[in-house]
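Reader: I would like to go through this structure with you, with attention to its charged side chains. Could we begin with one of the residues involved?
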Amino acid sequence: MAKRPGKKKSNDQKVVPFPQLKDRLVEKGLEKLQEQHHAEAIQLLKDAYALDQEDSVTLTSLAVALYEDHNWTESKELCEKMLHEGIGDYEETLELYIMNLFQLKEHESIAETIHTVLDEGVLSLERRDRFEHLLSISHKQDQQVQREDTSFQSFSLQKDLEQQMVQVANLSKQNIHPIKDSLIEVIQVKETHPFIKTMLLNILREQGIQDDILVEKWGRKTLVNPSELKEPFESDRFEEVLMRIQNQAGHEDPNLVELAIDLMRRHLFLLYPYSWAEQDPAIIAIAYLHLGERYMGLEMEWNEDETDGIADEIETLEMVPII
């Protein structure tokens, strides 16, 4: 933007945001949250939070968005700030705080928190009944966890890939904290199937495991913290490739689009937590449409001018056996 003539910007001059900018960011953030676009909602609400860190609507909305996105630790910390500083509705914030503790399986903290507020006698009758019910559930879950901890101390993969998939899928229903070290060891074994590595990383992510894990896939190595990972299909590049596939062939051949997207999702799951080496979403989209055409018998050869750089990677991913 051009500067107005005759005026100089003082070094001490503060940048003043547009009027109602924070309110508009919160409004759009809540719209995205309603549409289940969690990442966009969180970013908008964090932008609003940067403008005003004491606004109760902004903080509450951000805490809810983080909870819905399974960022339970961050949501819990935001609730702690609100409770400590007296921001927002006390009972609503307290309940969201306890729900985060439930997801994080911090049953001792749940019991301590609920007992404290019940003894204080500050809750409404309705909320008191609700918290007593939550306390009962927490107690039962804690007993179940303790039983699991005594019988669920290690983990090793079955030999057959199909059995491995069933075995790992069942872990999502259990508290994996007692065996997290065994699961990390499985992920760090070079020979573990890339699909199994992704499944295990997702389970560790969902249960908030914060250990650093060395993940080796496709000639790449990096340390990752599962609690900081996004879901496999929650990335700007995935969304852009998806949009380009739909725009390029959506109206002409919906069956081709569906097949291309299925192939793309399968490959991205195999690559996780990495992505394609190719950076251009347009080239990636064209490549998967070509691959879909090959499966439909419409085209058998790669167009090297359009898919140069990604064809070899896709061929490698297609050779990986998946049940």
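This is a predicted model: local features need pLDDT of at least 70, side-chain atom pairs count only at pLDDT 80 or more; totals for chains, interfaces and linings use all residues.

Reader: With which residue does Glu240 form a salt bridge?

Author: The partner of Glu240 is Arg244, and their closest N and O atoms are 3.4 Å apart. Arg244 is partly exposed, with a relative accessible area of 30%. Both residues belong to helix 11 (residues 236-249), where they sit 4 residues apart, about one turn of the helix.

Reader: And what does Arg266 pair with?

Author: Arg266 forms a salt bridge with Glu318, with 2.3 Å between the closest N and O atoms. This pair links distant parts of the chain, as Arg266 is in helix 12 (residues 254-271) and Glu318 is in helix 15 (residues 311-318), 52 residues apart.

Reader: Why is Glu318 classed as buried?

Author: Glu318 has a relative accessible area of 18%, and buried means under 20%, so Glu318 falls in that class. Arg266, at 31% relative accessibility, counts as partly exposed.

Reader: Are Arg127 and Glu91 buried or exposed?

Author: Arg127 and Glu91 are both buried.

Reader: How many salt bridges does a search of the whole structure find?

Author: The search finds 18 salt bridges.

Reader: Turning to Lys197, which side chain of opposite charge is nearest to it?

Author: That side chain is Glu216, 5.9 Å away. Lys197 is buried and has no salt bridge.

Reader: What does the side chain of Lys197 reach at 3.2 Å?

Author: At that distance, the side chain of Lys197 reaches the backbone oxygen of Val189. Lys197 itself is placed in helix 10 (residues 194-206). Leaving aside residues up to four places away in sequence, Lys197 touches Ile187, Val189, Lys190, Thr192, Glu216 and Lys217.

Reader: A change of topic: which residues of helix 2 are buried?

Author: They are His38, Ala41, Ile42, Leu44, Leu45, Ala48 and Tyr49. Viewed down the axis of helix 2, these buried residues fall within an arc of 165°, so they line one face of the helix. Their cover includes helix 1 (21-34), helix 3 (56-68) and helix 4 (72-85).

Reader: What does helix 2 reach from its first C-alpha to its last?

Author: Helix 2 (residues 38-51) has 14 residues and reaches 20 Å, close to the 20 Å expected at 1.5 Å a residue.

Reader: Finally, how many helices and strands does the protein chain have?

Author: The chain has 15 helices and 2 strands. Of its 323 residues, 44% are buried. Among contacts between residues at least 6 apart in sequence, 60% join residues at least 24 apart.

Definitions and conventions:
Residues are numbered from 1 along each chain as its sequence is written. Side-chain values use heavy atoms; hydrogens and water are left out. Buried means under 20% relative accessible area, exposed over 50%, partly exposed in between (1.4 Å probe, protein chains only). Lys and Arg count as positive and Asp and Glu as negative; His and the chain ends are not counted. A salt bridge is a side-chain nitrogen of Lys or Arg within 4 Å of a carboxyl oxygen of Asp or Glu. A polar contact is a pair of N or O atoms within 3.5 Å; within protein, one must be able to donate a hydrogen and the other to accept it, and residues adjacent in sequence count only if both atoms are side-chain atoms. Contact means heavy atoms within 4.5 Å. The expected span of a helix is 1.5 Å times one less than its number of residues. The arc is that of the directions from the helix axis to the C-beta atoms.
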